[in-house]
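Here are my notes on this model. Please read them with the structure open.

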Amino acid sequence: TKDQIILGIETSCDETAASIVRNGREIISNVVSSQIESHKRFGGVVPEIASRHHVEQVTIVIEEALKQANMQPSDLDAVAVTEGPGLVGALLIGINAAKAFAFVHQLPLVGVHHIAGHIYANQLVEPMQFPLLALVVSGGHTEIVLMKEHGSFELIGETRDDAAGEAYDKVARVLKLPYPGGPHIDRLAHESEEAIDFPRIWLEEGSYDFSFSGLKSSVINYMHNAEQRGEEIKPQAVAAGFQNSVVEVLTAKTLRAAKQYNVKQVIAAGGVSANKGLRKSLEDTFAKEGIPFTVPPLFLCTDNAAMIAAAGSVMFEKGHTSTMAMNGRPGMTL
Ligand code: KG4
Ligand code: ZN
C-alpha cells in the first residue's frame, strides 16, 4: 500500500510551524519558528505581534519543511492545519496559508484540534493502545481525556480556573523569571534541597477536575508576607514547593482515573509535560503500577506541526476533511 504523506501547519499561539509526517507516525521534517524573543519583554504573548510573525514566517516554514523532506507538493496526500483553539488572528494565518496551499495543489484540507495534536504527538513515539488516558497540560489547557478509539475524546476532568502552564507562567512572573516561566521554575526546583509547603487543591472527593489559582495565590501570599517581615525569599524553595504541589495533584488524579477506567496506556501531552518533575513522577508511578506510560520527547511536547500532521493523518483516514469555508475556532472543543 502507498504511504500517506501529510503536511501539518500550526500557528495557534507563538510558534509558526510546518512539518511533513509519513503514515501518521514518522517525522520526515519538522520546522518551528519561535517568536518567544518578541513576546518576552511583554511578559506574555501579544496577539497582534503573534499574527504579524505568523504572516512573515508561515510560507517560509512550509517551504523549509518541503525542502528538508526533499519533497514536492505533488508528493503530499493532504494538508492538516490547526483549526482551534487558540488566538483567532494567529489561527487565521495558518488556516489561510493551508487553504491557499491546498487550493493551488488540489489537496484535501483537514482542520485539527490543537489538543488532539498534542495527544497525537505520542503516536510519533509509540502506537496508541486503547482504552487510553491522556493527561493534557499546556499553557491553555489542563485536562484528563479518555480515548476508547482513534479520534474519540471523552473529557473526564479539566481545570476550573488556570491551566497548569498558566499557573507556572504566573508564578514565574512573581519570581521575576522571564516568559515563558515553566522551564525556569522547573530548573530552579531541581536546584533546591528545600521546598516550601504549599497546599494541594483536590476539590470534591472523586473529582477529576483541577484548580490552580488558589495555589498561585498561596505563592503570592507567601512572597508578600515574607517581604513584609523582611525575610529572605529563596526562589528555588518557592519553585520546588509550587512544583511539588502541581506534580502531586496531576499524578494522583491521573493515576486514579487510569485505574477507574482500566486503561491500557497512559500518555502525557502539552508544554507542561516537558516538565522534568512531572515526567519523573508519572514515569515512576505508572512503572510501579505496571501501566504503560509514554510522554513525547521535549521538542514534541511544546507546540509543533508534526503533532498536527499526526492527528490530521487519523482524521484524514476517517474521512474527516474540511471545506474551503473552514474558519478559525478560538473556543473549539475536543
Ligand atoms: O503546549 P504549549 O507549548 O502551548 C500551548 O498550547 O499552551 O505549552 C506552553 C506552556 C507554557 O505555559 C510553558 O511555561 C509551559 O508550557 N512549559 C513548562 C515547561 N516547558 C514548557 N512548564 C513547566 N515545566 C516545563 N519544563
Ligand atoms: Zn499547545
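**Notes on the model**

1. Just after helix 3, Gln106 has a positive phi of about 55°. Helices (H or I, at least four residues) and strands (E, at least two) are DSSP runs, numbered from the N terminus.

2. This is a predicted model: local features need pLDDT of at least 70, side-chain atom pairs count only at pLDDT 80 or more, and totals for chains, interfaces and linings use all residues. Residues are numbered from 1 along each chain as its sequence is written, while chains are lettered from A and ligands numbered from 1 in the order in which they are written.

3. Helix 3 covers residues 88-105. Its 18 residues should span 26 Å at 1.5 Å a residue, and its end C-alpha atoms are 26 Å apart, so the two agree. The expected span is 1.5 Å times one less than the number of residues.

4. Which residues of helix 3 are buried? They are Ala90, Leu91, Ile93, Gly94, Ile95, Ala97, Ala98, Phe101 and Ala102. Buried means that 20 or more other C-beta atoms, placed from the backbone, lie within 10 Å of the residue's own.

5. The cover over these buried residues includes strand 1 (5-10), helix 2 (47-69), strand 4 (78-84) and strand 5 (109-113). Contact means C-beta atoms, placed from the backbone, within 7 Å.

6. Now the whole chain. The protein has 11 helices and 10 strands. Buried residues make up 50% of its 334 residues. Of the contacts with a separation of 6 or more, 75% join residues 24 or more positions apart.

7. Along its principal axes, the C-alpha trace spans about 65 × 45 × 30 Å.

Definitions and conventions: A residue is buried if 20 or more other C-beta atoms lie within 10 Å of its own, exposed if 12 or fewer, and partly exposed in between; C-beta atoms are placed from the backbone. Two residues are in contact if their C-beta atoms, placed from the backbone, lie within 7 Å.
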